[in-house]
Amino acid sequence: MRALRFELKGETAFFKKPDVNSYAYFTYSHIHKIALFGLLGAILGHGGYMQQYDANYPLTTNRKQAKEVQVFPEFYEVFQQARISIVPHGDRGYFAKKLQIFNNTVGYASQEEGKVLNVREQWLEKPHWTIYVADDAGLAAGIFKKLAESLLQSQSVYMPYLGKNDHPAAITEPALVELSQAGQVKFIDSLHRSDALAYKVRGEIKPGQGKSFFKELMPVALNAENNGYVFHSLVVTNHEIDQASISEDDYRNLYCDGERVLYFI
Amino acid sequence: MIRDLAVGFQKAQEKFPAIIQDNYKLKEGVYIRLKLKQDWESQSAAFEKNHVTIVRKEEEPQNIELLNWFKCRDYLSSLVDMNKPVDPKKQVHSNNPFALFMKKEVFLGEKQGGKYTAEENINRYLLAAGRDPVRQKWLEMIPKNKNDKDNRQFFQASEYAVMLTYLESSERLQLIEEITKWYYSNLAALTEYIGQLSFKNYVKLFFTFDSSAPTLACERMYAFEYVLYTIPKIFNSNDYNQLVAGELVGLPNIDMTMNSKKPFLEHKTMGSQAPERVTLQQATLAKQTTEWLAAAKPPYATNKIGYESGFIPPTGYVPPEGTFHVYMDGKYNELYGFENVPFPPTTTVQVEWLNILQLKDPAGDEKYYGTIQDAEALQKTISSRFFRGRMNNSFIFNEPDVKAGEFTALMAALYLQSRQAFHDWFYKGTTISLQGIFAKVTLRLLVEQLVHVETSRMAELGDAFNLRLSIQMAIDDKGGKVMADRIKGTMEALRNKLVSEELAVCANDEEFYFMAGQLAHYLISQSRAQKITGEMYEPFLRAKNGHQLKKRLEEAYMLYKHEIFSGYHRFNQAFSLVLGYVPETDNQGSARELLLAGIFAYNLLFEKTVKGVE
């Protein structure tokens, strides 16, 4: 299978978790599918939530809901079926996080006394992923080609950023690569679903590393009713996989890029 | 986040259904069990068997059975939040007609300027807990949709139908009436009795009754009342409720606010508006997870909770897991810190503390430090050696005070800069954030201590310098190893040159700066001042380049030349080594590090020449 591969990096990143907003905002540990779709959409110039809102509530004297409602933002319409793979780097797939505190003093951000909004955000530091976008039926004709051309020629319509526009994304080493179907796999290097997948009880750890096992409920889709996230737990670990537990479904998503084993989510 | 934590909690709850109750703690106050069918006079004799008094910071009463009875009823009768009361005037803090929680002074009518009498409070409360207000609250949960008239029937098809039937039943109505009557005829006597007890904070009353119908058993009714109260209050606000695929979803109440004074908490252009919507089951689970966390884990501390082992104590083999780092505030149980760390809950940290500067102990033998075996010992050591003991348990949230001559402003700044990185190392076992800053931060801390901290001693700073080099080697094998090897190599080369009879010259900048440091230490130690302070080294550290450094050394020599024997071979060799060399780099970066290493290291000028070699 052909795929587009590129390195995605930045000084900092922030992918807001929607379930907490009282004291501080927290971030997902890795870029998630929806944020990545948004980033790819920005490169191609597709509309986002703002454009969706403008379409649903046209700019008139008082914004009333339009007759034809756009269910999803444009970037999601285009990419929702796309298959991607995210390979985290850092220390065994871990990036340091730090709570950043800053003020929003524009005046209309807070109606409390003083009109100052204190914002606390947990940021990822020096994140770095290798991203693969599969060239398959998940992307409409021409979209993959256009995306590959844009990346290979370092072109982008909107600025790609990591979660919020405070965090510019650096996209380097774009390449079109041919991936092979995975046969026997010992470790999976990318984020993967592990519904059926299990890890060997006395299995190996990737050589030269301390144990690491990451699991988080991450957004994998948007729902049509209110564009809320649909969650699925994703794993990345350096524990050896129990071969017997790999299902047919998993095999359809497993590919190799040289030594690296990828799982397309 | 809560969603991730709930996964582990749910598994634990399936295994130990009483997990919340096991960790539940009663608030301070007097807890009394009352029989609804008897008046106060006839049951006051059995008071001993039907009450407990909870005093803060004292052990819970020994009567486990009674205590658990109260714990169970108390949990079921408590408010979700003081902002979600049943009593609109917030004087009564319980949630159902069978229980009555009031602050002592309100119940006894002792409160200064209290607006209502106890009777008024109770009557208002019982009215609010009655059928119509509760039914109204349930109806308010269902989103209004003109096109869909069936919505009103939503709960009839749900698991809550049985509670709603109970709400409409005549038995409930009758019980509330009986309770109202009981208060009417017994409240005065009860108040008088309670007034004589010694306790603080709360008066909590619980009614019991025997029921002929098993479906209306007392215990079950408390559970039903809990659901009747809780479900309409489980969402933060019912304004955001939606029916999605036959499920009611709404804005969660845990760690979530929608404050009209902060307009951007609402998503202005996104289709979702509210940041998140969860089902009733998820909201309930999140509530229980938070309750368990608040009860089982200490507030204002970073709690490490293994994905599964943190919820269910492991027996035998633990499958691979990461760790949640959770920091909660003690008042509102809000999450102040959360992180999903993909490493096991126990960190293995080991640092071999080597004597790279070849320091000697007072007896003249080479010092030996040993190995630092665990994160706790390491934190203590780093705290005492670099931060003058300021890095205590919750250092990640602390800001040390600046005190001149003891803990300088720069040290405080360095503390703030590096605390997260140290925290990541001690608590998570990753050096990813420490690697880039450790060498810089600790070198500046040592200089600062040398020059500005009055009580610092050279020997201790030398040990700290050794520790610093050892840690550098442990966390980042390349750069740290290089520096340690350079210092070792330089010392060896210089040792030979000092005893050499021929004219020696520095081979490189490293030798120059290291030797300059050694000379500085030697010259300063010639001082007859009562107290030799680190401040005396400042001129050398301030020198911008090799030229200035030589000047400072010459000046120091002029000052102390009367102490130095002119034929002292080692000294003369050393001075000529330094003066005869023009370094390429300025006194910064690794050159400066070697200068400091020279100052702190075992001084070659004091070394005795082994007899027979010369």
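Modeller: Let me begin with a term: a polar contact is a pair of N or O atoms within 3.5 Å, where within protein one atom must be able to donate a hydrogen and the other to accept it, and residues adjacent in sequence count only if both atoms are side-chain atoms. This is a predicted model, in which local features need pLDDT of at least 70 and side-chain atom pairs count only at pLDDT 80 or more, while totals for chains, interfaces and linings use all residues. Residues are numbered from 1 along each chain as its sequence is written, chains are lettered from A and ligands numbered from 1 in the order in which they are written, and side-chain values use heavy atoms, with hydrogens and water left out.

Colleague: Which residue has a side chain joined to that of B:N238 by a polar contact?

Modeller: B:N238 lies in the loop between helix 10 (218-233) and strand 5 (242-244) of chain B, helices (H or I, at least four residues) and strands (E, at least two) being DSSP runs numbered from the N terminus. Leaving out residues up to four places away in sequence, B:N238 touches B:E140, B:M141 and B:P232, where contact means heavy atoms within 4.5 Å. The side chain of B:N238 has a polar contact of 3.1 Å with that of B:N241.

Colleague: How far apart in space are B:N238 and B:V249, C-alpha to C-alpha?

Modeller: In sequence, B:N238 and B:V249 are 11 residues apart. In space, C-alpha to C-alpha, the separation of B:N238 and B:V249 is 9.6 Å.

Colleague: Are helix 17 and helix 19 of chain B roughly parallel or roughly antiparallel to each other?

Modeller: The axes of helix 17 (residues 509-524) and helix 19 (residues 546-560) of chain B are 10 Å apart, at an angle of about 20°; axes are lines fitted to C-alpha atoms, for helices over the stretch in contact, and angles run from 0 to 180 degrees between N-to-C directions. Angles under 35 degrees count as roughly parallel, over 145 as roughly antiparallel, 65 to 115 as roughly perpendicular and the rest as oblique. Helix 17 and helix 19 of chain B are therefore roughly parallel.

Colleague: At roughly what angle do the axes of helix 15 and helix 21 of chain B cross?

Modeller: Among the residues that meet are B:F465 and B:L469 in helix 15 and B:L596 and B:F600 in helix 21 of chain B. Helix 15 and helix 21 of chain B are oblique to each other. Their axes come within 9 Å, and the crossing angle is roughly 135°.

Colleague: Which residues of helix 12 of chain B make the contact with helix 15 of chain B?

Modeller: Helix 12 (residues 375-386) and helix 15 (residues 458-475) of chain B pack at about 135°, with their axes 10 Å apart. That angle makes helix 12 oblique to helix 15 of chain B. From helix 12 of chain B the contact is made by B:T381, B:I382, B:R385 and B:F386.

Colleague: Which three residues supply 16% of the area that chain A buries against chain B?

Modeller: In this interface, 44 residues of chain A are in contact with 51 residues of chain B. The buried area, the accessible area (1.4 Å probe) that two parts lose on being put together, summed over both, is about 4,300 Å², with carbon and sulfur atoms giving 59%. Supplying more of chain A's share than any other three residues are A:D19, A:Y94 and A:N226.
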